[in-house]
Amino acid sequence: MLYIQPMIKPLIIASLCFITLVVTAQSKTTITFKSQDGIIITADSYMPHSKAAPVIVLFHQANWSRGEYLEIAPELNTLGFNCIAVDLRSGGAINNVTNMTKLNAAKAMKSTQYIDAIPDMKAAVKYAKNNLTDGKVIVWGSSYSSALSLKLAGQMNEIDAVMAFSPAEYFVSQGKARDFVTSDAGNIFKPVFITSAKSEKSSWWSIYVAIPSENKTFYLPESSGNHGSRALWSKFADSPGYWNSVKNFLKSL
């Protein structure tokens, strides 16, 4: 049996922790690819697993960036999933991460309303399908992008499952019909997960009811909860409940 002196043990533990941090840091790289209209999209790639693993395409909420997923994506990696967190042109900055796609769109004098992010989302899904995985593509949205994720899930065969954090019919003010999302939700036959803050259920319930998929589920916290994917951030005391529901859904895929 190998004997390790007591004073050496803390050094070994510290070294192992350092190695873990290095591996986590090395698994995250920044990539770029083109949107459907030629705008350069920036994304953070978290790919510690082989291409046999499914990939989760992560979209942020309004006025934010791929920085929404700095804490979330590594946790999804531990569950066996590769991820890319994508900057959409309708966004801003969060967690000290600037939305580069928004800057590129602004330089090209492109509109950056919610619905203008659709070409970016479609391009990201196709990029993930063609380049990042030989398995499933799971689309995950937050707030406005969660609503668009559901819409795209009803349109794109490349999407194998969809996860929506605080969706709603957000697009009436941008000239779209009141059933802009619901109309395509009726074509979703793949697995669906929806969650939100407790008070937001009425905003997405009609969308959920319209989804014909036999594998659909939702989660509402007993607490007030939080809007969008930030509900999973560890600084919120009720985040474990959200995480448990997320893990249960991913296990079902």
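Here is a short tour of this predicted model, one selection at a time.

Before clicking, note that residues count from 1 along each chain as its sequence is written, and side-chain values use heavy atoms, leaving out hydrogens and water. Local features need pLDDT of at least 70 and side-chain atom pairs count only at pLDDT 80 or more, while totals for chains, interfaces and linings use all residues.

Start with serine 65, in the loop between β3 (55-59) and α2 (72-78); helices (H or I, at least four residues) and strands (E, at least two) are DSSP runs, numbered from the N terminus. Serine 65 is buried, at 0% relative accessible area (buried means under 20%, with a 1.4 Å probe and protein chains only). Show its contacts (heavy atoms within 4.5 Å): leaving aside residues up to four places away in sequence, they include His60, Asp87 and Asn99.

Now for the rings. Phe, Tyr and Trp (its six-membered ring) pair if their centres lie within 6.5 Å; planes over 60 degrees apart count as edge-to-face, under 30 as stacked and the rest as tilted. The structure holds 18 such aromatic pairs. Pick phenylalanine 171 and phenylalanine 180: centres 5.4 Å apart, planes at 65 degrees, so they sit edge-to-face. Both of these phenylalanines are buried.

Next, select tyrosine 219 and tyrosine 242, whose centres are 5.2 Å apart with planes at 70 degrees, so this pair is edge-to-face too. It links strand β10 (residues 216-219) with helix α8 (residues 239-251), the two tyrosines being 23 residues apart.

Notes: Buried means under 20% relative accessible area, exposed over 50%, partly exposed in between (1.4 Å probe, protein chains only).
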